[in-house]
Amino acid sequence: MERKLKLPITREMARDIKSGESCLLSGVIYTARDAAHKRLVELLEKGEKLPFDIENATIYYVGPTPAKPGQVIGSAGPTTSYRMDAYSPALIAAGETGMIGKGKRGAEVVEAMKKHGAVYFAAIGGAGALLSSCIKSAEIVCYEDLGAEAVRRLVVEELPVVAVIDSEGNNLYENGRRAYLEGAEK
Amino acid sequence: MREIDSRLITDAVAALAVEANCILPADIKSRIEKARAAESWPTAQGILDKIIENYGIAEWNSVPICQDTGVCCVFLKIGQDVHIVGDLRAAVDEGVRLGYGEGYLRKSVVADPLRRKNTGDNTPAMLYTEIVPGDKIEITVAPKGFGSENMSQLKMLKPSDGIEGVKAFVLKTVEEAGPNPCPPIVVGVGIGGTFDKAAYLAKKALMRSTEERNSELFYAELEAELLEKINSLGIGPQGFGGKTTALAVNIETMPTHIAGLPVAVNINCHVTRHKSAVL
C-alpha cells in the first residue's frame with residue numbers, strides 16, 4: 001500500500017514517515033546534485049540567502065537528460081546520494097526535510113536527520129524514463145551554467161519513492177535485507 | 001588495403017550512442033525477466049516490474065533508459081588492412097558530439113578531473129583501439145554510467161591468494177557497493193595481465209553478451225559460482241532485499257607475471273548498454 005504525501009514535508013510530517021514505507025509524492029521539489037550542493041552550502045557558510053526557500057524543502061538528487069521537443073523534462077532518475085553527504089547536514093539544519101536519491105548515507109547525515117527531523121527517500125535508480133512521467137513542470141531556478149546540474153523547481157505528481165532512512169535512523173537497506181535473508185532461511 | 005572514410009565512423013558512433021542509450025540489449029532484458037519470474041520477495045518483485053516498465057517506455061518513446069547517459073566508451077577493432085582517411089580521434093569525438101546533441105542525451109564529462117568544467121558535448125570519448133586481421137572496422141559504443149563505475153575496485157593479489165582470493169575480492173566489492181550501483185548489476189571481472197590490463201579486461205567483460213559464458217569451462221564454472229554466491233548476499237534489487245543482486249558475472253583473463261595476480265571488478269547497473277556495427 002502506498003502512502004500519498006502532499007509536499008512540502010514539515011518537520012512534524014517527516015517524523016511520522018517510517019523506514020520501509022512506499023510513498024507517492026505530489027507537489028514542489030528542487031533538484032540539486034554535487035556541484036549545486038557545493039554552491040548552496042558555500043552560501044550558507046557565508047550567511048547568505050539561498051536561491052530558493054529551503055524551509056521544509058525536499059531536494060531530489062538528479063541531473064536529467066535534456067527535454068526533447070514537447071517533453072517537460074528528459075529521463076530523470078536519482079543519482080547516488082553519498083556524494084551529497086558532505087553537504088546534507090548543513091542543508092537539513094537550514095530547513096531541508098526531504099532528500100530523494102539512491103544508495104547509502106553517512107552517519108553524519110543520519111545524525112542530522114534525527115536531530116532536526118528529516119527523511120531520506122530512494123527512487124528507483126535506472127528508471128529515469130518512468131520517473132520523468134511523474135514530473136509535470138520543470139523550470140531552472142539557478143546555476144544554469146551547470147547544465148544538467150542546475151537547480152530546477154519541479155512539480156511532481158505521485159512520484160514513487162521508498163522511505164529508506166527515517167528520522168529515528170531506521171534503515172531499509174539493513175532491515176529489508178535482513179528480513180529477506182531471515183525469510184529465505186525458513 | 002581498403003580505405004574507409006572517417007566520416008562513416010562519425011555517423012556510426014552517433015547512431016550507436018543514441019540507440020545504446022534508449023534500447024536495452026535483448027540478453028539483459030531476458031535476464032531481468034527471468035529474474036523477475038524467479039524472485040520470491042514482494043518488494044523485489046515490485047522493483048523489477050518497474051524496471052521492466054521503464055525500459056519498455058524508453059524503447060517505445062526513444063528516450064534514455066537512465067538519465068546518466070554515461071561517458072561514451074568506444075571500442076574499435078581495426079582491421080590491419082584498413083586505411084582510415086581522416087583523423088580517427090576527431091571522427092569518433094564528432095560522433096559523440098552529434099549523438100549526444102541530436103539525441104538529447106546528457107552531457108556528463110568534465111574537461112579536467114580536479115577543475116571540473118563540463119565540456120558541454122560529452123566529448124572526449126573513452127577510446128579503445130585494437131588492431132586485428134582483416135579489412136573491416138568493428139565499432140562498439142558503450143555508454144558507461146558512473147553510479148556503478150564508482151563502485152568498481154582493483155587489487156593486486158598474491159599468486160598464493162589463488163582462486164579463493166579472487167572469489168573473496170569479487171564478493172567484497174559487491175558487498176561494499178551494496179545499494180549504490182542500482183542493483184541488479186552485471187559484474188565484469190578481469191584477471192591477469194598488468195595493473196592496467198586487468199581493469200581493461202573487466203570493462204571488456206561487460207561488453208560480452210550475458211548469454212555467452214567464458215569459453216573455458218574452468219572460468220565458466222567460476223562465473224556460475226560467483227553469480228550464485230552474489231545472489232545469496234540478499235542485497236536484492238535497489239538494495240531493499242531479495243534474490244536478484246546480479247544478473248550475470250562475466251570473466252575475462254590473460255597471462256600474467258609469475259609474481260602477480262591482478263584482479264579488477266568493474267560493476268555495471270542493469271543498464272548494461274552496448275551496441276556494435278561493422279564498417
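**Salt bridges, burial and interfaces**

Visitor: Why is Asp34(A) called partly exposed?

Guide: Asp34(A) has a relative accessible area of 21%. A residue is buried under 20%, exposed over 50% and partly exposed in between, with a 1.4 Å probe and protein chains only. The value of 21% lies in between, so Asp34(A) is partly exposed.

Visitor: What should I know about the model itself before we continue?

Guide: This is a predicted model, in which local features need pLDDT of at least 70 and side-chain atom pairs count only at pLDDT 80 or more, while totals for chains, interfaces and linings use all residues. Residues are numbered from 1 along each chain as its sequence is written, chains are lettered from A and ligands numbered from 1 in the order in which they are written, and side-chain values use heavy atoms, with hydrogens and water left out.

Visitor: What makes Arg33(A) and Asp34(A) a salt bridge?

Guide: Their side chains meet at 3.6 Å, N to O. A salt bridge requires a side-chain nitrogen of Lys or Arg within 4 Å of a carboxyl oxygen of Asp or Glu. The distance of 3.6 Å is within 4 Å, so the pair qualifies. Side chains of opposite charge can pair when their charged atoms come close. Arg33(A) and Asp34(A) also belong to a network of salt bridges with Arg83(A) and Glu149(A). Over all chains, the search finds 33 salt bridges.

Visitor: Why does Arg33(A) count as buried?

Guide: Its relative accessibility is 11%. That value is under 20%, so Arg33(A) is buried.

Visitor: How do you know that chain B and chain A are in contact?

Guide: Contact means heavy atoms within 4.5 Å. By that rule, 43 residues of chain B are in contact with 40 residues of chain A. The area buried between the two chains is about 3,200 Å², and carbon and sulfur atoms give 60% of it. Buried area is the accessible area (1.4 Å probe) that two parts lose on being put together, summed over both. Gln67(B), Tyr104(B) and Phe240(B) supply 23% of the area that chain B buries against chain A, more than any other three residues.

Visitor: Which residues meet in a salt bridge between Arg177(A) and its partner in chain B, and how do you know that the pair crosses between chains?

Guide: Glu175(B) and Arg177(A) meet at 2.8 Å, N to O. Glu175(B) is in helix α6 of chain B, and Arg177(A) is in helix α6 (residues 172-185) of chain A. Helices here are DSSP runs (H or I, at least four residues), and strands are runs of E of at least two, both numbered from the N terminus. Across this interface the rule finds one salt bridge.

Visitor: Are Glu175(B) and Arg177(A) buried or partly exposed?

Guide: Glu175(B) has a relative accessible area of 33%, so it is partly exposed. Arg177(A) has 19%, which is under 20%, so Arg177(A) is buried.

Visitor: What makes the pair of Arg36(B) and Asp49(B) a link between parts of chain B?

Guide: The closest N and O atoms of Arg36(B) and Asp49(B) are 2.7 Å apart, and the two form a salt bridge. Arg36(B) lies in helix α2 (residues 26-38) and Asp49(B) in helix α3 of chain B, so the pair ties together parts that are 13 residues apart in sequence. Arg36(B), at 23%, is partly exposed, and Asp49(B), at 36%, is partly exposed as well.

Visitor: Why is Asn21(B) called buried?

Guide: Asn21(B) has a relative accessible area of 0%. That is under 20%, so Asn21(B) is buried. The residue is found in helix α1 (residues 6-22) of chain B. Leaving aside neighbours within four places in sequence, its contacts include Val63(B), Tyr100(B) and Arg273(B).

Visitor: How do you know where the domains of chain B lie?

Guide: The bounds come from an automatic or database domain assignment. That assignment gives domain 1 (2-20 + 65-144) and domain 2 (147-272). The C-alpha centres of the two domains lie 26 Å apart. Ten residues of domain 1 are in contact with eleven residues of domain 2.

Visitor: What makes Lys144(B) and Glu149(B) a salt bridge?

Guide: Their closest N and O atoms are 3.0 Å apart. This is within 4 Å, so the pair is a salt bridge.
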